[in-house]
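Thanks for making the time this morning; I would like to walk you through one structure, going from the overall make-up to a few details. Please have a look at it on the screen before I go on.

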Amino acid sequence: GADAVWQRVGSQYVLIVGYRAVQGIAPADEIRDAVATGTNFNDATWIAHVRRGALWGVVDEHGHEWLPARYDEIGRAHDGMVAARTGERWQILDSKQRVVFAESALELAPFTRKVAIFREGQNYGLITRDGRVITPAQHHSIKPMTRHEATFQTSIHEDAEKARPAGVLDDTGRLRLPAEYVDIREFSDTLWKAQGTDLRWNLI
């Protein structure tokens, strides 16, 4: 069917599909830009963060309400999952509102069904569903590329004015590419496109 569009009416936003307001989806006080939850552009589902009063929820591109507006904050999304915070506790839920990761005092972001990205201080690591840390919080960033691999940037660089070196981790915490690259992008299921310090791109 047609994709949904949020249209401002007075002081609120109304979800419109096919020039009609979607029944059952309440108007929102604030909308944040949609983000993709899939592992590639073609199979991605786009979701929007929706605020009603002081609380946040999630609605997808077709007008389906993923999460009701009862969370203090909505975090990152990946592979059909989204992070949400209530008070000081984070959890990861899927589009059926099922809890994938139970509540945690650590800020969480989805990676796989068994491993999440967590933040401690200003750095990021990987943690399992049973709370076992498999990668300490020692990276400046960790960003999922596929269902089982993620790029990371180291937390420091010898020259503060240069970009932090980037590498690749898998969902067991194993190093797939060392932090020796300026930039790394997914090229195919088996190859990465990596930019070296000489600024040349290579397939690895």
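This is a predicted model: local features need pLDDT of at least 70, side-chain atom pairs count only at pLDDT 80 or more; totals for chains, interfaces and linings use all residues.

How many helices and how many strands make up the secondary structure of this protein? It comes to zero helices and 21 strands, where helices (H or I, at least four residues) and strands (E, at least two) are DSSP runs, numbered from the N terminus. Residues are numbered from 1 along each chain as its sequence is written, and side-chain values use heavy atoms, with hydrogens and water left out.

Of the 204 residues, 41% are buried, meaning under 20% relative accessible area with a 1.4 Å probe, protein chains only. The largest nonpolar core has eleven residues, among them W56, W66, Y71 and L93; such a core is a set of buried Ala, Val, Leu, Ile, Met, Phe, Trp, Tyr and Cys residues joined through side-chain atoms within 4.5 Å. Strands β6 (55-60), β7 (65-71), β8 (73-78) and β9 (81-86) each supply at least two residues of this core, and β7 gives the most, with three.

Turning to the sheet, seven strands form an open, antiparallel arrangement in the order β12-β13-β14-β15-β16-β17-β18, pairing here requiring at least two DSSP bridges between two strands. The edge strands, β12 (107-110) and β18 (175-181), each pair on one side only. Within the sheet, β16 (residues 149-154) and β17 (residues 166-170) pair in the antiparallel sense over five bridges, and the bridge partner of Q153 is A166 in β17.

Notes. Buried means under 20% relative accessible area, exposed over 50%, partly exposed in between (1.4 Å probe, protein chains only).
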